[in-house]
Amino acid sequence: MAVPAVMPTYARADVAFERGEGAYLYDRDGGRFLDFAAGIAVNVLGHCHPHLVEILRAQAGKLWHTSNLYRIPEQERLAERLVANSFADTVFFANSGAEAVECGLKMVRRHFDEAGEPGRYRVICCEGAFHGRTLAAIAAGGQEKHLAGFDPVVEGFDQVAFGNLDETRAAITPETAAILVEPVQGEGGIKPASAEYLKGLRQTADEFGLLLFFDEVQCGMGRTGKLFAHEWAGVAPDVMALAKGLGGGFPIGACLATGKAAAALTTGSHGSTFGGNPLAMSVANGVLDVILSDGFLGRVNAVARYLRRRLEALVKAQPKVLLEVRGAGLMVGIVCVVDNRGLVARLLDEGLLSVAAGGNVVRLMPPLIIEERHVDEALEILDRCCRQLAAEAAEKTG
Ligand SMILES: *Cc1c(COP(=O)(O)O)cnc(C)c1O
């Protein structure tokens, strides 16, 4: 059977980019694209940010990989900075979001095992969630389309409605160990959790002695205008997964936790060959240099408000094409009336990159370095595509 050399697990758009600069990507034919996908919320500083390029070049000439058998000063530095800027006391480094989630899930199980409650291992998760593609992560996500054909499903995950505190509380049994939630659901359609819901989850976790585990792989690292999305609600988890934006394009994942939650992950209990290597750590430290610099997140919030205002006006003007805007900061979802994938394809044709999400949503997740002029350019393309689609729909209905 003829199979492409690259396993066809993705339905790819027929475009290949050759280079990038800031918020723009360029293909081989000289085509220029405004990148409001950012590699699915990864390129937080855009493409080839001078500070990251300089750091990567310098590190590439010094040292790439050593192994966690030895001390890695850049890893210690990144961990200390993440700890200083979060609820966490300690960090484990991995290479992807799924691995960061996996570390947190293993931590949860071992935490209760060490506490003499090995039967307490179940994790309450949300409908519409996405936590990655490993066997445990697809079980946590609970989506039929990701689980199909991969039986037996990893044991121990219960799904409840996202945002529904009563349902969450009703699902707790003596076997429940943790609650795992994305503070802003990404793949599920850019759905922000309310502050009351997150506060309620914290109270519930405390009341029943559960660990609260936030998956900020997509919504973390400044995406919502704070370093971590849960900060808006004024509550802290016990465990948190990070990845995507943390490396600005370099593959990395991290599991952050309180000392209490992580105490059971003792020497030899978990590991990663590549996780936390000098090259990845240098780049991630460079990303933090910029995100934590004075005024950076303030500018993210300002441009996010501008984008939101412009999009709301567009939705009002295009009721036959668009239904609603939602999200937080520069993690924006446009709920469509027309087919979302059709709009994403049309935007690509016109030079704007976006990403489809669940619930017929078009996701806009630009690099955090964008300015109002980038928003203006994106809105011009969005407006043009919506007009085209509205005209086509009118023609069809005659
Ligand atoms: C992307 C994503 C993951 C998985 O990350 P990978 O790096 O693809 O393994 C996990 N959780 C959330 C919320 C994500 O958006």
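Visitor: Which residue in S10 is the bridge partner of Val181?

Guide: Welcome, and please keep in mind that this is a predicted model. S7 and S10 pair in the parallel sense, with 4 bridges between them. For Val181, the bridge partner in S10 is Phe214.

Visitor: Is S7 largely enclosed or open, and how many of its residues are buried?

Guide: Residues count as buried when their relative accessible area is under 20%. S7 is largely enclosed by the rest of the structure, because its buried residues number 6 of the 6.

Visitor: Which residue of S7 is the bridge partner of Arg122?

Guide: Let us look at the pairing of strands here. S5 (residues 122-126) and S7 (residues 176-181) run in the parallel sense, joined over 3 bridges. Val123 has Ala178 as its bridge partner in S7. For Arg122, the partner in S7 is Thr176.

Visitor: What stands opposite Ile124 in S6?

Guide: S5 also pairs with strand S6, which covers residues 157-160. That pairing is parallel too, over 4 bridges. Opposite Ile124, the S6 residue is Asp158.

Visitor: Which residues of S5 are buried on the side that Val123 is on?

Guide: S5 is largely enclosed by the rest of the structure, because 5 of the 5 residues are buried. Both of its faces are covered, and one side has Arg122, Ile124 and Cys126.

Visitor: Now to the ligand. How many residues of its shell are nonpolar, polar and charged?

Guide: The residues around the ligand include Ser96, Ala98, Phe130, His131, Glu182, Asp215 and Val217. Gly97, Gln218 and Lys244 are also among them. Sorted by class, the shell has 3 nonpolar, 5 polar and 3 charged residues.

Visitor: How much of the accessible area of the ligand does the protein cover?

Guide: Some polar atoms of the protein come up to oxygen atoms of the ligand. A backbone N or O atom of Gly97 is 2.8 Å from one such oxygen atom, and an N or O atom in the side chain of Gln218 is 2.7 Å from a ligand oxygen. For Lys244, a polar side-chain atom lies 2.6 Å from an oxygen atom of the ligand. Of the 380 Å² of accessible area that the ligand has on its own, the protein covers 81%.

Visitor: How many residues apart in sequence are the parts that Glu187 and Arg363 tie together?

Guide: The structure has 18 salt bridges by count, and one of them joins Glu187 and Arg363, with the closest N and O atoms 2.9 Å apart. Glu187 lies in the loop between strands S8 and S9 and Arg363 in strand S17, so the parts that this pair ties together are separated in sequence by 176 residues.

Visitor: Which helix holds Arg202, the salt-bridge partner of Asp238?

Guide: The side chains of Asp238 and Arg202 meet in a salt bridge, 3.1 Å from N to O. Asp238 is in the loop between strands S10 and S11, and its partner is 36 residues away in sequence, in helix H8.

Visitor: What is the relative accessibility of Glu350, which pairs with Arg384?

Guide: The salt bridge between Arg384 and Glu350 has its closest N and O atoms 3.0 Å apart. Arg384 is in helix H13, while Glu350 is in the loop between helix H12 and strand S15, 34 residues apart. Arg384 is partly exposed at 34%. Glu350 is partly exposed as well, with a relative accessibility of 27%.

Visitor: Which residue does the side chain of Arg81 meet in a polar contact at 3.0 Å?

Guide: Arg81 is part of helix H3, residues 73-84. At 18% relative accessibility, Arg81 counts as buried. The 3.0 Å polar contact of its side chain is with the side chain of Asn285.

Visitor: How far apart in space are Gly39 and Pro366?

Guide: Gly39 is in helix H1 and is partly exposed, at 43% relative accessible area. In sequence, Gly39 and Pro366 are 327 residues apart. In space, C-alpha to C-alpha, they are separated by 9.2 Å.

Conventions:
Residues are numbered from 1 along each chain as its sequence is written. This is a predicted model: local features need pLDDT of at least 70, side-chain atom pairs count only at pLDDT 80 or more; totals for chains, interfaces and linings use all residues. Side-chain values use heavy atoms; hydrogens and water are left out. A residue is near a molecule or strand if one of its heavy atoms lies within 4 Å of it. A polar contact is a pair of N or O atoms within 3.5 Å; within protein, one must be able to donate a hydrogen and the other to accept it, and residues adjacent in sequence count only if both atoms are side-chain atoms. Accessible areas come from the Shrake-Rupley method with a 1.4 Å probe; for residues, only the protein chains shown count as cover. Ala, Val, Leu, Ile, Met, Phe, Trp, Tyr, Cys and Pro count as nonpolar, Asp, Glu, Lys and Arg as charged, and the others, Gly among them, as polar. Buried means under 20% relative accessible area, exposed over 50%, partly exposed in between (1.4 Å probe, protein chains only). Helices (H or I, at least four residues) and strands (E, at least two) are DSSP runs, numbered from the N terminus. Two strands pair if DSSP finds at least two bridges between them. A salt bridge is a side-chain nitrogen of Lys or Arg within 4 Å of a carboxyl oxygen of Asp or Glu.
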